[in-house]
Amino acid sequence: VQLQASGGGSVQAGGSLRLSCVSSGLPFGRYVMAWFRQAPGKERVFMAAISGSGRTTDYTDSVKGRFTISRDNAKNTVVLQMHSLKPEDTAVYYCAAPYLYYSESKNPTQMHEYDYWGQGTLVTVSS
C-alpha cells in the first residue's frame with residue numbers, strides 16, 4: 001500500500017490550501033481515510049477522517065468549519081480542503097489508512113488505529 005500526499009505550501013493567514021492523497025494497493029472504496037498533522041516539536045494529531053463511502057466524516061474541533069475532507073473513490077484520492085488558515089495550522093500533514101475495515105458508522109481517530117501513512121506534505125501559514 002502506498003499513499004502519496006501533495007498540495008502543501010506556504011500561505012498567509014486567512015488563505016486556503018488543498019491537500020490531496022492518492023492511494024495505490026488498497027481497495028480504496030472500502031477503507032476509512034484520514035488526515036493527521038504534526039507541528040514542529042509536537043505529537044502527530046488527528047485532523048479529519050472519512051468513511052469508505054464518504055457518508056461519514058469526523059473532524060477535530062479546531063478545524064471544524066474550516067477544513068473539509070472528501071474523497072473520489074474512482075480516483076483513489078482523498079482531499080483535505082483547508083480555508084481560513086491560521087499560523088497554528090503550520091505542520092506536516094499526513095494522510096493515513098487503517099489495515100482493518102471499519103463500519104460506516106465509526107471512523108477511527110487515534111494514530112494507533114492507522115497502519116499506512118503517506119510521506120507528509122508541509123503546510124506553512126504566516127501571519
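Helices (H or I, at least four residues) and strands (E, at least two) are DSSP runs, numbered from the N terminus. Two strands pair if DSSP finds at least two bridges between them. The model is a predicted one, in which local features need pLDDT of at least 70 and side-chain atom pairs count only at pLDDT 80 or more, while totals for chains, interfaces and linings use all residues. Residues are numbered from 1 along each chain as its sequence is written, and side-chain values use heavy atoms, with hydrogens and water left out.

Strand 3 (residues 17-24) and strand 8 (residues 77-82) run antiparallel and are joined by six bridges. Within this pairing, L17 has M82 of strand 8 as its bridge partner. Both strands belong to an open sheet of four strands, in the order 1-3-8-7, with antiparallel pairing. Strand 1 (2-6) and strand 7 (67-72) are the edge strands, each pairing on one side only.

The aromatic rings come next. Rings of Phe, Tyr and Trp (its six-membered ring) pair if their centres lie within 6.5 Å; planes under 30 degrees apart count as stacked, over 60 as edge-to-face and the rest as tilted. Five aromatic pairs are found in the whole structure. The pair of F36 and F46 is edge-to-face, because the ring centres are 5.7 Å apart and the planes stand at 80°. Since F36 lies in strand 4 (residues 33-38) and F46 in strand 5 (residues 44-50), this pair ties together parts that are ten residues apart in sequence. Ring pairs also link F36, F46, Y94, Y114 and W117 into a cluster.
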